[in-house]
Structures are given as structure tokens and as C-alpha cells.
Amino acid sequence: FRSQMTAAQTEGWGQYLSEDLASGLSVEVVEENGSDLHLCVRPPGTVRAEEPTGGSEGPGGDDGISWDWFQRAAFSCNSRGESVLVAAPTSAGKTAVARHAIHLCIGRGERCVYTAPVKALSNEKFGDFVKEFGNDKVALLTGDAKAGNLETASVVVMTTEVLVSMLHTDHLLATMLEDEEGEDKRPAPRRAFLQELGLAVFDEVHYIADEERGTTWEEAIVLLERHVRLVCLSATVPNFLELAGWLAQTRHAPCHAICSRFRPVPLQHAIVPCPPAEKSTAVSTQACRFRRKAFEEAIRHLPGPGDSVVHNEARRGQELASILQECRRCENLPLIIFSFSRSESARAARQLAAVARLKHEAKRKVCDIVQGVVQKQLAPEDRDLQSVRECVDYLLPRGVGLHHGGLLPVLRELTEKLFKDGLVRVLCTTETFAVGVNMPSRAVIFNWAAGREFRKFDGQENRPLRVGEYMQMAGRAGRRNQDARGTALSLVSRKVPAQTLQQLVAGKAEPVESKFRLTYPLMLRSLRSGGGVLAVLLMQSFKQFQTGRADSLVFQEELEGKLRVLRALGLLAEEGCQLTPKGQAAAYIQVSCLPLLATRLLLDLDNCCPELHNDTVANRFVAFLTCLVNDTEDAEEVPTHEDIEPLWKRCESELNEIYKVSRSCNVSIPQVDAVLHKLRKSAGFVDAMLAWMSGEPFEKASIAAGGSEFDGILARVFRRTHSLLKEFEVALELLGNSE
């Protein structure tokens with residue numbers, strides 16, 4: 001680690017590392033506006049810039065709009081050329097801050113990156129920015145799609161993962177020697193983009209607290225050159241000042257923190273007791289104070305927490321239809337219905353489509369748009385997929401939309417467009433739709449399964465919903481300049497403790513806590529990048545900042561153990577932190593699930609699949625790789641064809657070796673049986689991939705994967721498997737085994 005620190009100092013990456021960690025940050029109150037605050041956090045030796053005259057007007061083309069206090073305060077920070085964190089409620093208008101910063105950035109002749117946590121939000125922003133800045137000024141770069149020209153684009157919308165990949169590659173290439181003629185070997189478009197980068201917008205920056213992807217967000221923020229200004233947009237979080245302090249430290253420059261609790265459209269929370277689901281009862285005032293008596297009276301007749309409650313699908317359909325009628329009568333459309341599984345969302349859409357209707361002219365418009373998209377974007381053989389036919393022929397012409405991760409991207413994007421255009425009046429979706437997408441409705445409904453009110457399954461356990469999660473969805477109710485208020489309705493089938501709902505309605509959101517994880521892929525790609533990148537990432541991580549420790553590294557023990565593992569596996573030199581040729585190759589394998597297993601399979605490919613030149617054997621190997629990229633698990637182990645069994649045996653052998661080495665290096669690791677069990681539960685797409693690789697149409701692969709509910713996930717698994725194969729290809733070429 002000392003050698004890493006030395007490298008960091010030499011390369012200029014760690015110029016302020018020790019000083020930043022050891023010294024205090026100063027906090028200045030810039031302005032107070034009732035309960036809202038504008039603070040500025042400054043590292044030692046930095047001063048707040050002066051605002052240029054007339055530089056804090058709103059985004060271009062928006063003259064005459066009456067901006068809220070927090071927007072005007074943020075515009076002022078943008079005009080100073082300083083980083084800013086804006087924490088404000090969902091649908092409060094945070095995007096205006098980003099647009100203002102982008103306009104200024106383009107005016108300075110700089111370039112900008114806009115990152116978002118979900119593809120729906122990336123696609124939406126790409127479309128919005130193309131309309132605002134023009135086709136030649138905007139590009140899209142995600143794992144699924146590319147659009148626009150990176151060489152000419154002033155604004156590039158991308159996922160955080162793509163940005164991190166670019167930053168690592170840039171630093172790696174920056175250390176390469178020039179060739180004999182003094183020419184730069186680096187790829188021009190990406191290198192030029194990063195050199196001219198002046199602004200990075202991180203939408204939904206509270207995703208730093210995401211268990212799976214939070215590490216990547218921290219990585220991107222830390223690795224950006226320090227002259228790059230940040231605009232970070234977040235939901236209201238209690239520790240916004242702590243987050244701004246960390247951002248100021250990573251930039252070694254002032255960072256403003258603007259926190260507003262103001263909602264331009266008041267939000268009312270209500271419950272609908274089921275049965276009879278005939279009327280709603282408001283359980284909050286306009287000031288979001290909980291109405292306990294009204295709540296307790298409304299649920300008085302419902303079964304208690306200890307009573308058995310059975311979720312009856314047919315009855316729930318009738319209840320949803322009844323609520324739809326009430327919303328229509330009260331003019332509470334458009335309506336978003338949040339369910340907490342793909343199957344429940346699909347069921348709700350089918351049930352409501354039976355009673356929903358569009359007017360003739362609106363239906364004609366929907367059919368024209370739908371047919372245009374189907375003819376242009378879907379291959380003839382894919383137009384008869386069950387998921388396509390259901391959306392195209394049944395749901396959308398009735399004004400009902402379905403949106404979840406199991407749908408093909410083209411269907412999700414089509415539904416988003418129709419909802420934005422007001423042609424989808426009822427949208428049945430899952431929680432991810434609420435993340436940042438600017439598609440508010442007049443009301444939202446929480447379609448809780450009977451007996452599981454205000455709870456969600458997070459992949460590990462069925463736990464209570466967090467305040468931030470609830471408000472992210474509830475906050476979609478209420479359209480600015482259109483609605484006097486938004487309404488969030490919850491279907492309740494049994495008694496719920498009053499404090500549960502009171503906490504969600506009036507409580508504070510949970511603080512953002514770092515989920516930074518020291519994974520092997522992160523270590524390998526950082527060591528490959530050189531220049532002390534690993535040291536910078538660990539010392540500048542939000543987790544290190546939150547510990548408040550300047551004298552010791554919070555990851556020190558884990559780091560030393562994992563470095564020993566990499567040495568024992570032949571990926572790291574015996575001395576220092578230099579990767580071996582095998583380690584250099586392994587650094588390109590960025591699969592998050594069992595990366596050491598993927599690396600071992602790659603490095604011993606001849607023994608793992610001795611007849612890989614045979615198409616049948618190759619198809620089985622590719623099908624098996626879906627287990628490493630599939631992030632959805634079945635409840636039980638998925639049986640696979642007996643011809644796949646040798647690969648399972650090979651996995652067991654490699655896992656045993658990894659386990660033995662890890663234990664000898666004092667690194668904690670799960671038992672091999674538990675790992676294999678989890679991996680076999682991820683084998684749900686092996687048969688689908690085998691069908692696809694054998695030349696079967698997507699429809700047959702869809703059936704093998706479990707049906708139309710999984711089409712979008714199947715397509716994603718196909719893409720991820722292809723990406724993993726490309727990583728294998730690069731790694732093998734580095735090892736001189738291109739064949």
C-alpha cells in the first residue's frame with residue numbers, strides 16, 4: 001500500500017490526500033430560507049468564488065419562469081463555477097439546476113457528462129437534451145445503446161458504469177509511453193472528451209447508498225479530475241451536509257449544499273381499506289401531519305396483524321377497478337399503480353384493461369404510434385411474442401400501460417412516450433419507474449399484497465419499506481402547474497400500526513451511508529490503471545470519510561488479505577502491487593458475480609472446455625456463462641442438461657481452490673456448497689441461451705426462460721453474456737491465445 005501511495009503522489013493523484021483526510025472542513029451558512037438551507041463546505045486553503053454579474057438566470061429558453069428559492073440558489077453556484085449538491089423532494093424541479101449548469105458549460109466551450117442510475121432515466125434525458133441542444137450536441141452511451149457522435153457531442157448521457165470504465169481506461173492509457181514519433185496512442189474520441197470535460201451531473205446521487213451499485217458511484221466521483229465541477233441531485237436526505245463535505249474533499253474545492261423541503265405541488269397521503277375499497281380516507285394534512293384518528297377509524301373493521309389474510313387475486317382486481325372508477329370520478333387521472341413484483345404489475349394491468357377505455361380519437365392515435373414503433377423497431381419474427389401482442393393489441397389501445405424490467409426495452413420506451421403524451425391514463429409499474437424519471441401523475445396507488453402492507457422484498461428479505469423509498473414513489477403524484485395537489489393512495493387489507501404509516505408520511509428519510517466494497521474486480525482494474533489509483537479510491541471513498549479517521553485506512557486489513565489472495569492465485573507479483581500477465585488479463589473480467597471463478601475458468605480454458613472448437617461444446621459453455629451474469633435467482637436450484645454437468649464439476653473444483661487459498665490468507669469467504677447452491681439458482685437462462693445459440697427464434701428462447709414476463713431480463717442476460725465473452729476475448733489476446 002505504501003508503494004501505491006508513493007505512486008499516487010508521483011502521478012499527482014494524491015497531492016492533497018493526507019492533508020484532506022487530516023484537516024477539518026469549514027462550513028459557511030450562505031443563506032437561510034425558513035427551514036431551507038444553503039451551506040458552503042470549503043477545504044483548507046480554498047475560497048468561495050465571486051458570482052459574475054447577471055450569471056444566475058435560469059436555463060436558456062426559460063425566461064419569465066418564476067424559479068423556486070433552491071433553484072435560484074443553485075443557479076448562483078453554477079455561475080460561480082463551483083460544485084453543488086441539491087437535495088430536494090421528488091418532482092421539485094431539480095433538473096432545471098442541471099440544465100442551467102449544462103448551458104453554462106457549453107458556453108465556456110467545455111463538455112459535460114450526465115449520469116443516471118436507470119436506463120429509463122438515461123433515455124428520457126437523452127431525448128430531452130436532443131430537443132434542447134440539438135442532435136449534434138448530444139450523445140448516449142449505455143451498456144445497451146449508443147446514439148449520437150461522441151466526437152462532436154457537448155453533452156454525453158451515460159450510465160455510471162460506462163463513465164468508470166472510461167476513467168480507468170483513460171488513466172491507464174495516460175501512463176503509456178509515446179511512440180517513437182511522439183504520437184499519442186490513446187483513442188481520440190474518448191480521450192478528447194475526457195480532456196475537455198468540465199462538468200459532471202450525477203442524478204439521484206443518493207444511489208451511493210445502493211448495495212449493488214454504490215461502489216461504482218463513489219469510484220466515478222473520486223476518479224474524475226479535480227477541475228471537473230459536480231452537480232449532484234438527490235432526494236431530501238438528513239446528512240446532505242456530510243455528503244457535500246465528502247464531495248468538497250474529493251474536489252479539493254468548495255462544494256455548496258442546498259437543501260429544500262418545499263414541494264411545489266402539495267402531497268396528500270390516503271388509505272383505501274380493502275374490502276370494500278369504496279372510498280379513500282386522507283391520513284395526512286397538507287402540511288404532511290399524520291391524522292391518527294382518521295387512520296385508526298378507517299382500518300377499524302380490518303383483520304388484526306395476527307389474523308390470517310389471504311391475497312385473493314380476483315377480489316384485488318375488483319378493488320382496483322373500484323378505485324379506478326373513484327379516481328376517474330374525482331378527476332385523479334393519470335394514475336400510476338406501483339406493485340412490488342413484475343407478475344403483480346402485469347396482473348393489475350390486465351385486470352384494469354378490462355374496465356378501462358380511451359376515447360375514439362385517442363385510441364386511433366395510440367394505434368398509429370404503436371404500429372409505427374412495431375414496424376420500425378421489431379423484427380417480423382418478434383412481433384408475435386406474447387409480451388408484444390399483449391401490450392400492442394390489448395393494453396395500450398385501452399390506455400393502460402405496463403412497465404417493468406421484464407419487458408423488452410422497446411415496449412418500455414413506447415409506454416413511457418405514450419404516458420408522457422397523455423395517451424396512457426393508467427400505468428402499472430414497479431418501484432424502479434419512480435427513480436428520477438420526470439413522468440408525474442395526478443395520483444399514485446400502492447398496490448400492497450394483502451398481509452404485506454408497507455413491506456417489500458429486496459432480494460434478501462421481506463423488510464419494511466424505507467421512508468426514502470416510499471417518498472420516491474409517492475412523490476410522483478402531483479404535476480407542477482397542472483394539479484392543485486397530488487394524492488398517494490395505499491390499499492390496506494389488515495390493521496397496520498399507526499406509527500408505521502406516520503413514519504413514512506411525516507418521518508425523515510434515512511441518511512445516505514456508503515456501501516463501498518473492496519471487490520476483486522475493483523482491485524484488479526485499479527491496479528491495472530496504475531498511478532496509485534487504488535490508494536486514491538480507498539482513501540477518498542465516502543466510507544473512509546464517514547469513519548472520520550485520517551490516521552488509518554478503514555479497509556487496511558481486508559486489503560492486505562485480498563492482496564495475498566491475488567498473489568497466491570498468480571495474479572499479483574510477489575513484491576509490490578504489480579499485476580502479472582495473468583493479472584493484467586484478469587483485470588478485464590469485470591463480472592460482479594464470482595469474479596475469481598470467472599477468471600479461473602478463463603485462465604484454464606483448455607482444461608475447462610477441451611473441445612471448445614466444437615460448436616455444440618461452445619454453445620454449452622456460453623449457456624453456462626449466463627449463470628455468472630444473471631442477477632435474478634429462482635427459489636430453488638434450476639436443473640440443467642446432463643451435458644452441462646462437467647462444467648458444474650469444474651466450478652466446484654475451482655471454488656474449492658479459491659476457498660482454500662482465501663482461508664489460508666485469512667480472508668472470509670462462504671462455504672463452497674453455499675456458493676454452488678446460489679449459482680445453480682441463477683441457472684434459469686441456461687436452456688434459453690442453448691435454444692438461442694442453436695438458432696431457435698427468440699420466442700422459443702422466451703418459452704425456455706419461463707415466458708413473456710422474463711423477455712426483458714432474457715435480452716439483458718444475452719447482452720451481458722456477450723459483454724463477458726468480449727472481455728474473455730481481450731484477456732485471451734493479452735495472454736497470446738487469440739485463437
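Helices (H or I, at least four residues) and strands (E, at least two) are DSSP runs, numbered from the N terminus; on this basis the protein has 30 helices and 19 strands. This is a predicted model, in which local features need pLDDT of at least 70, side-chain atom pairs count only at pLDDT 80 or more, and totals for chains, interfaces and linings use all residues. Residues are numbered from 1 along each chain as its sequence is written, and side-chain values use heavy atoms, with hydrogens and water left out.

Along its principal axes the C-alpha trace spans about 75 × 70 × 50 Å. Of the 739 residues, 54% count as buried, a term that means under 20% relative accessible area, with exposed over 50% and partly exposed in between (1.4 Å probe, protein chains only).

An open sheet of mixed pairing is formed by 10 strands in the order β1-β2-β10-β3-β9-β8-β4-β7-β5-β6, where two strands pair if DSSP finds at least two bridges between them. β1 (26-33) and β6 (146-147) stand at the edges with a single partner strand each, so one side of each is left without a neighbour in the sheet.

Strands β3 and β9 run parallel and are joined by four bridges, and V86 stands opposite L233 in β9.

| Strand | Residues |
|---|---|
| β3 | 83-87 |
| β9 | 229-234 |

Within helix α17 (residues 498-506), the buried residues are A498, L501, L504 and V505. Seen down the axis of α17, these fall within an arc of 140 degrees (taken from the directions from the helix axis to the C-beta atoms), so they line one face of the helix. Their cover, judged by contact (heavy atoms within 4.5 Å), includes β11 (267-273), α10 (292-298) and α16 (467-474).
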